[in-house]
Amino acid sequence: MRPSKPIGRRSVLRSGLAAALGAALPLPLRQARAGDWLRLEPRPGTARFFGDGGPQTGVWGYNGAVPGPEVRVRQGDRLRVLVENQLPQETTVHWHGLRIPHAMDGVPDLTQPAIKPGEAFRYEFQVPDAGTFWYHPHVRSSEQQGRGLYGVLVVEEPEPPAVDRDVIWVIDDWRLTEQSAISETFDHPHDLSHDGRLGNVATLNGLDSAAFAVRAGERLRLRIVNTANARIFALRFEGHRPLVIALDGQPATPHEPEDGRLVVPPAGRVDVILDMQGEPGGRYPVMDEFYPRRSYRYLDLVYDQAAPLRNSPLDAAVALAPNPIAEPNLAEAQRHDIVLAGGAMGGMRSAILDGQTMEIGELAGRGKVWALNGIAAHGHVMEPLFTFRLGRTQVLSIRNETAFPHPMHLHGHSFRLLTRNGNPVAGNPWLDTVLLAAEDRVEVAFVADNPGDWLFHCHVLEHMQAGMSAVVRVA
Ligand SMILES: [Cu+2]
């Protein structure tokens with residue numbers, strides 16, 4: 001059964017502004033001394049999405065919390081995390097967007113054995129890039145992440161830009177029942193073949209996204225992280241002009257977003273500088289406008305009555321220093337084509353599953369409806385789609401021949417977005433997850449400098465589950 005409630009000003013009672021205004025995260029986890037181990041326990045817990053007086057929801061969270069603890073580390077530090085699995089299922093932790101060694105990437109069977117219930121795994125690696133990253137499981141992702149398993153990982157720059165507040169915004173949606181329980185409709189066939197598991201309640205940092213308290217004149221750095229299974233957000237800040245300074249954790253030339261909307265696909269991150277230029281006591285909506293005819297008011301920026309902190313925006317540089325990523329050399333690149341196919345209204349007739357060509361009816365009967373270059377993935381271990389020569393520049397030309405958008409994520413590397421539909425993309429931003437609209441074509445480039453077998457997959461978790469995944473080898 002699919003919920004038909006529209007997301008937005010919702011049918012569930014909210015317990016009032018006070019709780020929502022407190023949508024700040026608890027203190028981050030930090031290693032006090034080099035050599036310390038941080039502990040993350042994925043386990044069942046409870047959340048109150050509607051504030052203190054609201055109903056309780058049983059969730060799964062890191063250390064029982066939704067979002068999980070914010071992990072903070074400095075660029076170049078060695079991060080050590082002991083993960084103790086207190087779930088009734090196997091799990092792993094994937095460090096999304098971090099260019100770290102293969103054995104630490106957290107993909108079961110491909111990079112490590114899954115962590116069984118009651119068992120533990122030690123993740124230990126040096127963090128090469130500063131920026132906004134996050135972590136989540138890679139086992140039964142649609143269910144485990146859909147129940148709340150994720151957290152933000154901030155890698156601090158040696159010299160961050162001057163701001164009044166550095167704030168994390170975890171944006172997510174949930175599919176809740178009338179009783180505010182997590183709907184157990186994971187991997188519903190309709191979700192697999194359409195937009196994925198869209199929720200009916202949107203949250204900011206684990207709370208019904210009603211309001212966010214600000215002060216006139218202050219400068220915020222917002223680290224926006226989309227942890228939804230499937231929802232693509234397109235945030236428009238009425239009365240404000242957010243300035244993008246990083247995408248997917250990687251510094252970007254500071255710019256205002258095209259058409260004023262910040263598009264954040266599942267797994268995507270956008271860092272913005274936001275000067276609070278509204279009036280003391282004012283309220284300014286932030287709209288989510290991605291899906292046509294399904295726009296809603298995500299939250300309000302609520303100004304307190306205090307006089308502005310300053311009368312004109314802070315006069316300080318906002319550009320971030322680049323991370324140490326090898327620059328692609330297009331003149332000597334290996335080139336590869338990837339075609340995304342399948343889904344409802346996609347016209348795919350057949351695909352290869354487990355080495356056998358099957359018609360779409362038979363595939364669908366096995367829960368597979370998407371394919372990359374004609375192959376539907378089953379699990380994480382498969383023949384590589386391509387082998388990239390270690391150290392060589394790779395250009396991927398990716399074509400979406402489906403009727404749905406797909407955020408495509410490559411593990412172990414960041415890539416430059418070169419072109420979209422044949423047109424050069426301004427600044428060629430570094431990304432680890434590139435969103436393709438229906439019928440889009442993009443070209444991305446990167447140096448294959450991280451050896452191993454890496455996943456390349458759609459981050460709409462229901463699409464990944466239903467076959468939209470592949471392995472690429474760097475050797
Ligand atoms: Cu997809």
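Q: What are the bounds of domain 1, domain 2 and domain 3 in the chain?
A: The assignment gives 17-156 for domain 1, 165-303 for domain 2 and 330-474 for domain 3. Such bounds come from an automatic or database domain assignment. This is a predicted model, where local features need pLDDT of at least 70, side-chain atom pairs count only at pLDDT 80 or more, and totals for chains, interfaces and linings use all residues. Residues are numbered from 1 along each chain as its sequence is written.

Q: How do you know that domain 1 is in contact with domain 3?
A: Two residues are in contact if their C-beta atoms, placed from the backbone, lie within 7 Å. Eleven residues of domain 1 are in contact with 18 residues of domain 3. The centres of these two domains, taken over C-alpha atoms, are 26 Å apart.

Q: Why are β23 and β29 said to pair?
A: Strands pair if DSSP finds at least two bridges between them. Strand β23 (residues 334-342) and strand β29 (residues 393-400) share seven bridges in the parallel sense, so they pair. Here Ile338 stands opposite Ile398 in β29.

Q: Which residues is Val434 in contact with, leaving aside its neighbours within four places in sequence?
A: Val434 is in contact with Met408, Leu417, Val442 and Val444.

Terms used:
Helix = DSSP H or I, 4+ residues; strand = E, 2+ residues; numbered from the N terminus.
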